[in-house]
Amino acid sequence: MTYQELFAKVKTLFGDADVSGIHEHLAYQFNITGEGAGAFYVEVSDGKLAIEPYEYHDRDASFTCSADTLLKLASGKTDPIPAVMMGRLKVEGNIEKALKLKEFLAARKA
């Protein structure tokens, strides 16, 4: 899978999130390793979601993982906290804001 294919799939999966209930600013960068390597950001601001294929230097937290782990997170098949504990997801930055990733993922429409 190329980075472009991965980004398109993740954008669709994350784009399903209803972030209207998230009333704080969240800015995450995802760094993908291995197949489909690249970076993109997800930003929630004023109840609106932006997902762009760029690095985001003013981010609250960054997550580093493989494409497989990212797809499992985005589709709800993997919980981010156990993924960190098992070494499949690396987190840097504001841990409090990073923990909000779980809330963001839970906002995905079923």
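1. Leu13 belongs to helix α1, which covers residues 3-15; helices here are DSSP runs of H or I with at least four residues, strands are runs of E with at least two, and both are numbered from the N terminus. Leu13 counts as buried because its relative accessibility is 17%, where buried means under 20% relative accessible area, exposed means over 50%, and partly exposed lies in between, with a 1.4 Å probe and protein chains only. Leaving aside residues up to four places away in sequence, Leu13 touches Leu71, Ala74, Ser75 and Arg108, a contact being heavy atoms within 4.5 Å. The C-alpha atoms of Leu13 and Leu105 are 9.6 Å apart, although 92 residues separate the two along the chain.

2. A word on the basis of these values: this is a predicted model, in which local features need pLDDT of at least 70 and side-chain atom pairs count only at pLDDT 80 or more, while totals for chains, interfaces and linings use all residues. Residues are numbered from 1 along each chain as its sequence is written, and side-chain values use heavy atoms, with hydrogens and water left out.

3. The buried residues of α1 are Tyr3, Leu6, Phe7, Val10, Leu13 and Phe14. Seen down the helix axis, the buried residues of α1 fall within an arc of 130 degrees and therefore line one face, the arc being that of the directions from the axis to the C-beta atoms. An α-helix has 3.6 residues a turn, so residues three or four places apart point the same way. The face turned away from the buried side of α1 carries the exposed residues Gln4 and Thr12, whereas the buried residues pack against β1, β2, β3, α2 and α4.

4. The largest nonpolar core has 32 residues, of which Phe14, Phe30, Phe40, Phe63, Leu70 and Phe104 touch the most other members; such a core is a set of buried Ala, Val, Leu, Ile, Met, Phe, Trp, Tyr and Cys residues joined through side-chain atoms within 4.5 Å. At least two residues of this core come from each of α1, β1 (26-33), β2 (38-45), β4 (61-66), α2 (67-74) and α4 (95-106), and α1 gives the most, with 6 residues. Among the contacts of Phe14 beyond four places in sequence are Phe30, Phe40, Leu70 and Phe104.

5. The open sheet has 5 strands in the order β3-β2-β1-β4-β5, with mixed pairing, and two strands pair if DSSP finds at least two bridges between them. At the edges stand β3 (48-52) and β5 (89-93), each with a single partner strand, so one side of each lacks a neighbour in the sheet.

6. β1 and β2 pair in the antiparallel sense over 7 bridges and form a hairpin with 4 residues between them, where Gly34 in the turn has a positive phi of about 75 degrees. The antiparallel pairing of β2 and β3 runs over 5 bridges, and their hairpin has 2 residues between the strands, with Asp46 in the turn at a positive phi of about 55 degrees. Glu43 of β2 stands opposite Ala27 and also opposite Ala50 in β3.

7. Ser62, in strand β4, is buried, with a relative accessible area of 5%. The bridge partner of Ser62 in β5 is Glu92, and β4 and β5 pair in the antiparallel sense over 5 bridges.
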